[in-house]
Amino acid sequence: MMPIAWVIPCLLLLSAAGIVTARSAFGRVLVYGGCLLICTALGIGGFTALTAANQHLQLPVGLPWIGSNLRLDALAGFFLILIGLGGGGASLFALGYARHEEHPQRVLPFYPAFLAGMILVVLADDAFTFLFAWELMSLSSWALVMAHHREEANARAGYVYLIMATFSGLTLLLAFGLLAGDLGNYGFDSIRNNPPTADVAGVVMLVALVGAGSKAGLVPLHVWLPLAHPAAPSHVSALMSGVMTKVAVYGFIRIVFDLVGPTQWWAGTVVLAVGGITAVIGVLQALMERDLKRLLAYSTVENIGIVFIGLGLSLAFRANNLGAGAALALTAALFHALNHTTFKSLLFFGAGAVLHATGQRNMETLGGLIHRMKVTPFVFLIGCIAISGLPPLNGFASEWLTFQAVLLRPEFPQWGLKLIIPVDGALLALAAALASCCFVRAYGICFLGRPRSDAAAQARETDPWSLAAMILFATLCLLTGIIPGAVIDTLAPVARDLTGARMPVQLGDAWQTIVPIAASRSSYNGLLVFAFIVISILITVVTIHRLSAHGVRRAPPWDCGFPDPTPLSQYSAASFEQPIRRVFGTVLFRSKEIVDMPAPGDNRPAGIVRTIRDPVWDGIYRPLAATIGWIAGKSDLLAYLTIRSYLSFVFAALVVLLIALTIWQ
Amino acid sequence: MIYPLLAQLVQMTVILTLSPLLIGLVRKVKSRLQRRRGSSLIQPYRDLRRLLGKEAVVAENASWLFRIAPYFVFASTWVAAALIPTFSANLMFSWSGDLIAITALLGSARFALALAGMDVGTSFGGLGSSREMMIASLAEPAMLMIVFSVALIAGSTELSTIAGYMLNGQVGLRVSLAMALAALLIVAVAENGRIPVDNPATHLELTMVHEAMVLEYSGRHLAMIELAASLQLMLYLSMVACIFLPIGMAGNANEPLRDAVGFFAWLAKMAAGGMALGVAETIVAKMRVFRVPNFLGAALMLGLLGVLLLFVSRGM
Amino acid sequence: MTFMSPHGLAFDIAHMLAGLLVLVSFMMLYQLRLLALLHVLGLHAFVLALSVAWQAHIQDAPHLYITAGMALAFKAILIPWALRRMVFQMGLHREIETVGGIGITMLAGIALVALSLQVMLPVTANADPVAREDIALALSVVLIGLLIMVTRQNAISQVVGFMSLENGINLAATGARGMPLVVEITVAFSILIAFIVVGVFLFRIRERFDTIDISELDRVRGGQM
Amino acid sequence: MPDPVTGILLTPIIAAAILVALPGYRLGAALNMLASFAALVFALTLLWDRPPTTQYLLVDDLNIVFVLLNCFVGFTTSSFSASYIGHEIQIGKLSLTNIRFYHAMYQIMLFGMNLALLANNIGLMWVAVELATLTTVMMVGLYRTAEALEAAWKYFILGSVGIALALFGTILVYLAARPVVGEGIDAMIWTNLFHAAPDFDSSLLNIAFVFLLLGYGTKVGLAPLHAWLPDAHAEGPTPISAVLSGLLLNVALYALLRFKVLLAANPNAIAPGPLMIGMGLLSLIFAAFMLYRRRDIKRMFAYSSIEHMGIIVFAFGMAGPLGNFAGLLQMTMHSLTKSGIFFCVGHIAQVKGSQKIADMGGLTASHPVLGWGLVAGMAAIAGLPPFGVFSSEFLVVSSTFVREPVLALLLVFGLLVAFGALLLRVTSVAFGPVIGPVGRVHASYIPMFAHFSLVLMAGIWLPPPLVTWFQHVAALLG
């Protein structure tokens with residue numbers, strides 16, 4: 001029995017209620033309030049499942065001869081917590097935010113269904129149910145992406161999104177096909193009992209990496225993500241970025257760690273390579289993005305890369321029978337996944353609040369919001385610090401664990417791992433540094449300085465529900481940052497199930513220090529670091545105010561004495577990124593700056609045009625689309641032939657088959 | 001229990017109080033080498049006092065962030081500096097953050113400072129922040145690569161453990177360590193805004209980085225920032241000393257005598273380091289901002305090469 | 001007279017008639033002029049009628065005489081006559097436009113006959129050798145009929161091709177000893193052909209198309225765009 | 001109460017006879033629905049009252065599914081047709097003389113298809129398929145426009161050639177059977193053939209299968225024999241498009257399956273699988289690319305039918321318990337979904353007064369039911385859950401990848417390419433700015449909803465009896 005499974009029918013009922021009551025305020029409260037309650041229950045249920053025995057449930061639906069199987073184990077429990085957290089936060093946010101939704105009838109019916117799809121993915125215990133839920137999750141989130149369908153960009157986003165989502169589903173289908181074998185043993189239990197051979201396991205791992213990776217946003221399969229996530233209403237963006245990508249990570253873990261069993265060492269190499277590249281490409285693209293929500297979406301790509309670095313390390317350790325290392329790396333990855341859910345949701349909520357306050361997503365039109373909004377800038381700042389991986393917040397804790405996993409053991413027997421692990425360490429470090437650059441830019445341009453447009457100048461603080469959601473997540477960012485040991489201990493059953501080992505118990509320590517392996521090796525204490533910073537600030541403030549003059553005088557900015565009449569003279573997002581663009585972008589993104597200087601006598605203002613090419617679009621997707629278009633164009637000629645030509649096809653087919661028959665005989 | 005706590009407090013106080021002196025020393029050395037008499041060694045202290053005595057002029061549209069940032073910057077730097085073993089490895093809280101955490105703490109300080117630079121909304125502030133973050137985006141991974149090299153050799157990221165490992169002399173000469181040292185020097189120069197990456201003495205618009213960020217600051221805020229900068233310089237010098245030249249540093253035992261020896265050894269190291277920096281700054285010219293990435297890229301590559309060597313062979 | 005053939009004279013005559021049908025098919029392939037083609041079509045149906053009648057005789061299946069009679073009356077006389085009238089009424093080109101030269105289509109026809117023989121070769125002897133060779137010839141006629149449909153651009157000659165294809169099928173059906181429903185099927189086919197002819201005629205009557213050249217017909221197709 | 005089989009076959013004949021004489025539109029439409037409903041009721045009684053096999057007629061696990069489907073879609077389409085044709089008459093696109101024999105033809109068509117399905121005699125089956133073809137040809141040309149006539153003509157010519165090839169194949173089967181089963185009608189009775197198939201001459205059977213594959217394959221719409229299909233779907237009235245895609249293709253497929261069973265039963269014959277797999281994949285990939293340049297919405301969904309027929313034939317070609325099961329399920333789901341889509345598209349085209357995709361847009365805003373109906377149909381036909389096609393595509397793809405990885409990759413490629421095209425067009429029709437007239441149309445949504453809810457139900461839960469049949473049939477198909 002599995003009481004938690006009841007949330008799925010409840011959510012579907014809410015969906016139905018959403019259709020009926022979409023246009024009324026009651027519908028909004030009902031759907032989001034209901035989702036909030038359900039998500040809370042889900043989080044609690046997931047938490048108890050971490051330590052409880054596995055629960056099973058078989059329903060007489062789905063594929064007739066195996067039914068629909070659900071299972072709640074520690075891994076599922078952890079991801080249920082994640083969904084409960086992200087979903088609950090998003091619902092809380094939406095209670096206020098969705099008041100401004102123009103087309104609630106396009107959002108309300110799909111929102112609970114989206115949640116239900118994600119929950120069902122996590123609970124599924126056979127391939128059919130898993131993929132059913134997987135595609136359901138894609139389809140309902142696609143409908144949410146299409147909520148604001150009149151904007152042309154959104155239609156394109158939805159298109160690319162659903163294609164890639166279907167690609168992901170079909171690819172995973174192939175992986176399950178291999179696992180299920182000739183007889184169609186789609187139940188996960190029977191797959192676990194008949195693990196594939198090493199070669200098949202490798203292929204399954206690769207296919208699952210492509211399948212789950214295209215949903216999670218691994219480069220080069222990430223192209224849909226920066227299009228689709230921003231297109232949806234902000235609470236849905238938060239859910240897609242913060243939770244759905246994690247469900248994709250779950251899919252990868254479930255298949256590769258649980259179902260496939262031990263993989264060969266090169267599996268780790270591949271995942272590490274992909275993860276490292278994803279992290280860096282993602283953050284570089286985020287750095288060059290001017291749309292706030294797209295920036296956040298690209299940053300999701302980066303964080304998914306970091307999670308996959310952890311997973312790759314875990315695979316590498318597991319292939320070498322190093323249980324402790326595998327547990328450490330897996331814990332780091334899952335911890336980062338959890339962290340990403342908190343701070344990315346927070347940031348998307350913030351972006352939603354900004355969008356609501358100004359109607360703008362383009363950073364070049366924002367600025368100075370810190371003066372006009374009271375709470376949002378503060379919590380958004382916390383999100384920015386957390387996502388930049390800076391102590392004492394949670395982003396640092398998980399990245400620190402990942403670094404420890406990188407450093408754990410250099411003596412791998414395989415050359416591939418010897419090379420890729422240090423390189424990944426460097427890529428991770430680079431990504432972390434670039435991320436802080438990226439979020440200085442994002443925060444500085446949007447919230448600091450002077451407003452760059454009237455809309456930004458007239459911004460107002462958002463509603464209390466939204467603020468409550470943001471404050472909740474900001475608190476979580478801080479709490480998991482200063483007591484990371486609690487999260488690590490929570491993750492222990494998951495790591496034990498999947499790697500056979502677990503990290504040392506953390507919470508026993510009097511100072512709540514986290515010690516991944518041994519105290520002499522490395523340790524970190526978020527609580528103390530936080531306390532030290534707070535104490536030194538207090539000491540300093542007190543001392544300074546004793547010692548120094550108290551006067552504060554407001555004056556026009558100095559700025560080296562330049563008169564500065566217009567906010568346009570501020571550093572813009574584009575100018576901020578320019579040094580980085582020069583360093584990293586000239587080769588990778590073929591970025592160019594063209595000075596457009598009018599001829600003498602021409603009154604036109606001079607300007608500078610920057611161009612950035614996306615190597616993934618240019619290298620893969622555009623040629624692919626062009627090829628398909630070309631073939632479609634050529635084959636289209638076959639639609640305009642004479643009847644005689646069609647008859648000759650029949651004739652040719654007949655002759656060919658007869659000849660083939662003679663040859664065969 | 002009490003002894004390490006005392007050592008910790010002494011460390012925190014000493015590093016804070018002596019750091020302006022280090023700045024004074026570097027300036028003095030540079031002046032002498034330029035055949036100037038230069039200001040007094042304790043001029044930085046006087047500057048701080050003067051700044052503290054003045055009223056703070058804050059730009060009209062500066063926000064709360066602008067006023068909090070100096071304290072945060074100072075506090076993070078101070079906490080980071082407190083974690084570095086200077087004269088003794090026997091610090092009460094040295095385990096609360098390892099080398100990675102120290103790097104990240106400095107990153108937090110920089111994050112706050114860069115935001116503060118953008119707060120007023122002037123072109124110079126943005127310019128400074130942008131360049132600072134660009135430099136950091138290369139210097140930080142380079143620093144982490146150095147951390148990796150050292151940690152792989154010592155088997156720990158804890159500075160006290162590393163120092164202990166280096167002290168017992170079985171390390172020998174290693175290629176990877178040499179690379180790490182070279183990279184660390186480059187990073188230290190860049191992170192502290194010294195020549196050839198940045199010039200702390202300049203206010204020439206097109207060349208300044210750090211100074212552009214803090215252009216709007218005055219009074220006690222500026223004092224905090226200046227103090228944090230000098231703390232950071234001392235932090236880096238101590239770090240180099242702790243990792244590559246831990247001679248004389250006291251171990252884990254509670255022995256006041258050895259601590260005293262360690263203290264003077266540390267003072268000597270700082271003095272030597274300050275003079276070396278002064279000399280180096282005199283003979284090298286500042287480079288163009290867009291040459292800096294190459295310079296730091298070299299550090300990153302050196303660090304990565306060192307780590308790779310360690311992964312391939314433990315003996316390197 | 002069994003010394004003439006292992007199967008007896010009756011079968012030899014059946015074979016001869018079937019072979020004759022293939023020969024007439026080749027004559028069709030050879031024809032460049034429309035009216036002459038119609039004459040050959042009549043001949044084709046006539047040979048078929050003979051063949052069917054002979055089968056009716058040797059199989060002792062009187063119902064096949066109906067088929068023979070229909071072939072004679074309907075296909076050998078009525079339809080060629082109707083088509084001929086249409087050619088005159090509509091003032092069609094008397095020349096047949098072909099795809100590829102006559103020589104090439106003839107060669108292709110020979111290749112098709114070879115192919116049908118080759119295809120039928122592995123059919124084991126216990127499956128009635130007579131039927132085997134009969135079917136090989138019928139298959140040749142069918143394939144040549146299709147070839148005519150494919151290589152002739154003029155609608156009437158395509159109708160002719162279809163009819164010769166159908167004659168091949170009739171040959172096969174009647175050659176299959178004891179096959180039920182043959183008459184019904186031939187009737188159904190005749191209806192089909194009548195439909196085609198009427199269809200051709202309908203287009204003409206409605207005067208939507210200047211010619212019934214099918215490539216003209218294709219030109220007005222809308223909807224795809 | 002007469003015997004159900006007789007009922008299924010006689011009802012349309014009697015109805016057709018009355019309908020020929022009946023003047024006026026409304027009465028005819030009502031009777032048409034009534035007769036179709038009666039046939040459906042008879043078909044339902046087949047579930048528990050299965051009549052004995054005779055020389056001419058047969059009811060077994062294989063065809064009972066088809067017959068039920070046929071009668072169900074026949075009934076829903078007749079009710080859709082009532083409102084659709086009514087609207088066409090109202091706006092003057094069709095005159096009463098145009099549709100003089102429409103309902104009678106509809107019943108004869110249903111009769112032909114049901115007869116083809118119930119026939120236990122391969123000759124009778126052939127005649128029935130020809131009958132169904134001829135009636136649909138007449139219906140396709142219903143509008144009498146140049147395009148409609150041209151489509152009908154093309155359909156007719158290609159269909160005739162196909163039917164001729166199929167007949168040749170049938171004769172060859174008879175020839176193969178004669179030495180074993182004996183002369184005369186016995187050698188055409190399917191049940192006899194099935195039992196005696198192992199002793200047939202395999203070479204004859206091989207050649208026969210080539211002809212049957214091409215002959216009935218033309219009707220199924222397999223590439224490269226498909227040319228008639230898009231035109232016929234696009235130019236005929238929409239109820240006929242629904243029937244063509246939903247039923248006629250199935251009937252031809254059914255014939256093909258029957259012969260495949262024979263081949264599978266004969267140990268020496270060629271494996272029919274590779275041929276079917278090849279043609280299936282070709283159809284799928286070809287149709288997938290053809291979908292991109294479609295500007296007419298009905299033509300687009302016609303190509304989608306080719307695509308799905310490709311998948312189905314591919315699945316049957318892969319065979320095995322999973323492949324056959326998937327093929328049957330896919331076929332059933334495709335019938336229901338595609339006819340549902342045509343119901344939806346028919347109304348859309350009536351609202352917009354055009355079938356061109358460029359004349360439609362923003363339907364979810366202007367006509368939520370039609371717009372979301374189309375989106376649901378697209379999702380269903382593309383194999384997304386919670387619709388039934390998902391289950392069958394799940395089985396096809398996953399079972400293929402273990403056995404033939406390359407084929408599975410090609411299959412996935414084709415599915416993706418096709419989905420790309422469908423989604424592109426449906427997005428532009430259902431979303432974005434509203435284009436074209438926004439008036440209401442008097443339409444009955446019930447048939448559409450009925451189909452989609454069945455498909456939805458099948459995606460979540462398959463009724464156990466259906467599963468049992470499918471499994472029996474899958475075993476039969478080898």
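These are my notebook entries on a predicted model with several chains.

**Entry: ground rules**

I count residues from 1 along each chain as its sequence is written, and I letter chains from A and number ligands from 1 in the order in which they are written.

**Entry: confidence**

I started with the scores, and the model has ipTM 0.91 and pTM 0.93. Next I looked up pLDDT, the predictor's confidence in each residue, from 0 to 100. Chain A averages 91, and 100% of its residues score at least 70. Chain D has a mean of 90, again with 100% of its residues at 70 or more. Where in chain A is confidence lowest, and where highest? I found the lowest mean, 85, in strand 5 (residues 607-611) of chain A, and the highest, 96, in helix 4 (residues 110-123) of chain A. A reminder to myself: where pLDDT is low, the coordinates should not be read in detail.

**Entry: chains one by one**

I looked up the domains of chain A, with bounds from an automatic or database domain assignment. They are domain 1 (1-263), domain 2 (264-544), domain 3 (573-597 + 605-613) and domain 4 (617-664). The C-alpha centres of domain 1 of chain A and domain 3 of chain A are 39 Å apart.

Chain B has 11 helices and one strand. Reading from the N terminus, I wrote down α-α-β-α-α-α-α-α-α-α-α-α for chain B. Its C-alpha atoms fill a box of roughly 55 × 45 × 45 Å along the principal axes. I then checked the radius of gyration, taken over C-alpha atoms, against the globule rule (2.2 Å times the number of residues to the power 0.38). For the 316 residues of chain B a compact globule would come near 20 Å, and chain B has 19 Å, which agrees.

Chain D holds 19 helices and zero strands. Its C-alpha trace spans about 65 × 55 × 40 Å along the principal axes. With 478 residues, a compact globule would be near 23 Å, and the 21 Å of chain D agrees.

**Entry: who touches whom**

Contact here means that the C-beta atoms of two residues, placed from the backbone, lie within 7 Å. I sorted residues into classes (Ala, Val, Leu, Ile, Met, Phe, Trp, Tyr, Cys and Pro are nonpolar; Asp, Glu, Lys and Arg are charged; the others, Gly among them, are polar).

Chain B has no contact with chain C, and their closest C-alpha atoms lie 54 Å apart. Chain B has no contact with chain D either, with closest C-alpha atoms 38 Å apart.

**Entry: two helix pairs**

Axes are lines fitted to C-alpha atoms, for helices over the stretch in contact, and angles run from 0 to 180 degrees between N-to-C directions. I call angles under 35 degrees roughly parallel, over 145 roughly antiparallel, 65 to 115 roughly perpendicular, and the rest oblique.

In chain D, helix 1 (residues 4-21) of chain D and helix 2 (residues 26-45) of chain D pack at about 170°, with axes 8 Å apart. The two are therefore roughly antiparallel. Their contact has 12 nonpolar, five polar and no charged residues.

In chain A, the axes of helix 16 of chain A and helix 19 (residues 464-482) of chain A come within 7 Å and cross at roughly 40°. That makes helix 16 of chain A oblique to helix 19 of chain A.

Most residues other than glycine have a negative phi, and most peptide bonds are trans. I noted a cis bond between I195(B) and P196(B), with omega about 10°. Another cis bond runs from A223(D) to P224(D), with omega near 5°. R35(B), not a glycine, has a positive phi of about 60°.

Terms used: This is a predicted model: local features need pLDDT of at least 70, side-chain atom pairs count only at pLDDT 80 or more; totals for chains, interfaces and linings use all residues. Helices (H or I, at least four residues) and strands (E, at least two) are DSSP runs, numbered from the N terminus.
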